[in-house]
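Keep the structure open while reading.

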Amino acid sequence: MTTEEIMSEWLNHPDVDEQTKDEIQSFAHDQGEVNDRFLQYVTFGTGGIRALLGAGTNRINLYTIRRATQGLSNYICKQDNDPLKGVVIAYDSRHQSELLAKEAACTLVANGIKVFLFDGIRPTPELSFAVRKMGAAAGIVITASHNPATYNGYKVYGSDGGQITSGVAKDIAEEIASLGTFQGVKTASFAAACESGLLHTVGEEMDQLYLSRLADVTLQPERLKECAADLSIVYSPLHGTGIVLVPKALSQWGFANVHVVQEQAVCDPEFSTVRSPNPEEDAAFSYALSLAEAKQGDVILLTDPDCDRVGVMSKSSSGEYIRLTGNQVGALLLDYVLSAKARAGKLQERSAMITTIVTSEIGSAIAAKYGVETIKTLTGFKYIAEWIQQFEEEESKTFVFGYEESCGYLADPFVREKDGVMASALICEMAAFYKQQGKTLVDKLQDIYTEHGYYLEATVSRTLEGTNGQEKMKDIMAYFDDCPLHQIGEREISHICKYQQQTEVNVRTGEHSVIPLPTENAIQFRLVDGSWFCIRPSGTEPKLKIYFSVQATSEDQARKKMSLLQHEVMKRIDDLLCCDGQENKGM
């Protein structure tokens with residue numbers, strides 16, 4: 001069907017609401033907009049779906065959510081899983097999240113599948129916990145994480161509580177692809193779903209179960225009783241789900257001096273107090289920083305709208321507030337967890353920490369100090385969860401910590417997703433412990449650098465929206481895949497990791513070896529001096545992401561190396577974008 005024919009189907013279908021039809025009429029004469037909205041279906045990948053809200057097959061709306069849920073229903077019914085094990089559904093504070101969650105529930109019920117629907121907004125990690133606690137077949141979260149307010153999304157979790165693996169995602173995507181927008185899709189009214197006996201509400205009782213289990217994560221409970229009250233904490237949920245559990249978790253752990261940013265404690269789907277609800281960005285800390293200065297805060301915590309990530313600022317010894325990157329917080333937490341377990345004699349043999357190919361190498365150095373194995377996997381916490389599950393099934397290793405550079409951390413596998421609630425509590429325990437020793441988190445980080453060397457990381461993004469943007473990303477990835485690079489500026493490249501082909505190339509010898517990881521559209525260049533950069537399209541946003549890492553003996557040397565590396569790589573990428581696909585010479 002042509003885009004015009006598909007658009008006409010939507011305009012004339014009796015199940016499409018009038019508001020959606022009015023929206024379609026508003027752009028019906030703009031061929032570019034019609035193509036962008038109806039040329040393809042919104043893609044279901046390993047992270048589920050994330051896209052702009054709006055009318056059309058390439059948008060998040062009632063009809064694309066119903067279609068995705070029908071595909072999931074078909075998949076569940078074809079498995080050995082009992083449909084009455086059910087699917088747990090949670091949602092965040094975004095536009096239409098509650099509505100879309102209820103629509104997903106109605107489609108599942110129409111297919112005879114039991115549903116456990118949260119009675120209000122909840123953090124994504126609680127959904128992971130609930131799936132495991134209830135023995136459900138799957139879970140769904142309606143969220144677009146830290147994307148702008150114009151986005152929403154649909155994430156699917158397996159029975160282990162982790163995001164679905166690539167193979168399962170492929171099978172569900174095939175089920176979805178077999179459906180039309182309306183053909184083959186079952187639904188029911190919410191009233192009928194409630195009367196069916198298959199729709200059940202999940203409420204505060206699950207919050208209490210989660211918080212009770214979280215209490216076991218504290219590493220030094222007796223020491224915490226001595227120092228928790230002395231730590232001044234400023235917290236903002238950035239208008240999202242963190243407000244439900246983070247303050248309760250901090251209180252439960254004994255932190256009484258907690259100051260919540262009230263302007264951002266309200267559920268505002270426009271995220272009107274921030275440019276972007278992303279705790280990785282300095283600008284997101286503006287309100288919290290003002291409150292911290294007024295309350296003499298020791299540490300500032302920001303969780304993103306679905307509360308799986310947490311951003312951190314720490315007061316330094318000089319009184320300045322320093323934002324710590326995800327890599328730095330991960331290094332601090334890893335060192336704290338391992339040192340505390342080692343002191344208590346609880347660091348087991350065959351322990352392993354799990355991180356990703358674009359995360360700082362300092363974690364490996366810290367783990368090695370304690371005899372802990374480092375496992376690196378692809379970008380995305382679902383791969384970390386997959387390793388945890390494998391550890392349990394094979395009884396091969398003990399998971400002690402997992403993290404990724406994008407502010408996602410996990411210290412206990414009762415959750416199988418990065419957990420902003422757990423991380424917030426553990427960060428505060430760590431900060432209180434070091435404050436009792438007369439140190440800030442910034443001070444402790446410098447101690448780690450002194451011991452292991454100075455590691456510096458950076459991420460640069462280029463936003464490339466629409467079908468044209470997708471083509472540009474493909475062209476850039478193809479260029480770096482084909483271009484025979486031997487050096488970047490004056491620095492020699494040692495290895496090129498082509499994760500799409502699962503191949504590592506030794507540049508000096510030309511030898512090829514297999515990368516034992518699933519495929520991912522990413523290329524990483526490793527330099528002889530230990531630096532590296534990696535290029536990959538984002539799996540959740542219309543962005544090309546370029547990751548950089550350098551290591552040196554001092555901060556000054558590391559910053560100089562980083563500046564040169566970024567300049568040399570980004571100049572080539574921006575030249576490729578400007579020339580719009582014309583032939584380029586290599587670096």
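Strands β9 (residues 299–303) and β10 run antiparallel and are joined by 5 bridges. The model is a predicted one.

**The β9–β10 hairpin**
- T303 of the pair stands opposite V310 in β10.
- The two strands, β9 and β10, form a hairpin with 6 residues between them.
- In that turn, C307 has a positive phi of about 60°.

**Strand β10**
- V310, V312 and S314 point one way from the strand.
- G311, M313 and K315 point the other way.
- Both sets are buried, K315 and S314 included.

**The β10–β11 hairpin**
- On its other pairing, β10 runs antiparallel to β11 (residues 321–324), with 4 bridges between them.
- M313 has R323 in β11 as its bridge partner.
- This hairpin has 5 residues between the strands.
- Among its residues, G319 takes a positive phi near 95°.

**The whole sheet**
- Strands of a sheet pair through backbone hydrogen bonds, either parallel or antiparallel.
- Here 5 strands form an open sheet with mixed pairing, in the order β8-β7-β9-β10-β11.
- β8 (258–260) and β11 stand at the edges with a single partner strand each, so one side of each has no neighbour in the sheet.
- From one strand to the next, the twist averages 20°.
- The parallel part of the sheet includes β7 (residues 233–236) and β9, joined by 4 bridges.
- Within that pair, Y235 has L301 in β9 as its bridge partner.

**Helices across the sheet**
- Helix α11 (residues 242–252) lies across β7, β8 and β9.
- The angle between α11 and β7 is about 165°.
- Helix α13 (residues 326–343) lies across β10 and β11.
- α13 runs at about 90° to β11.

**The largest cavity**
- A search of the whole structure finds 2 cavities of 30 Å³ or more.
- The largest cavity has a volume of about 40 Å³.
- Its lining consists of L333, F401, Y409, L410, A411, D419, M422, A423 and L426.
- β15 (408–410) and α16 (420–436) each supply at least two of the lining residues.
- α16 has the largest share, with 3 residues.
- By class, this lining has 8 nonpolar residues, no polar residues and 1 charged residue.

**The second largest cavity**
- The second largest cavity holds about 30 Å³ of space.
- V42, F44, I49, T64, R67, A68 and I176 line the second largest cavity.
- Helix α4 (residues 62–78) gives the most to this lining, with 3 residues.
- The lining of the second largest cavity divides into 5 nonpolar, 1 polar and 1 charged residues.

Technical notes
Residues numbered from 1 in each chain as written. Predicted model: local features only at pLDDT ≥ 70, side-chain atom pairs only at ≥ 80, totals over all residues. Heavy atoms only, no water. 1 Å grid on protein atoms, 1.4 Å probe; cavity = no way out; pocket = protein on both sides within 12 Å on 5 of 7 lines; lining within 4 Å. Points joined across faces, edges and corners; volume = space filled by probe spheres on them. Nonpolar A, V, L, I, M, F, W, Y, C, P; charged D, E, K, R; others polar. Buried < 20%, exposed > 50% of the residue type's maximum accessible area, 1.4 Å probe, protein only. Pairing = 2+ DSSP bridges. Axes fitted to C-alpha atoms, helices over the stretch in contact; angles between N-to-C directions. Contact = heavy atoms within 4.5 Å.
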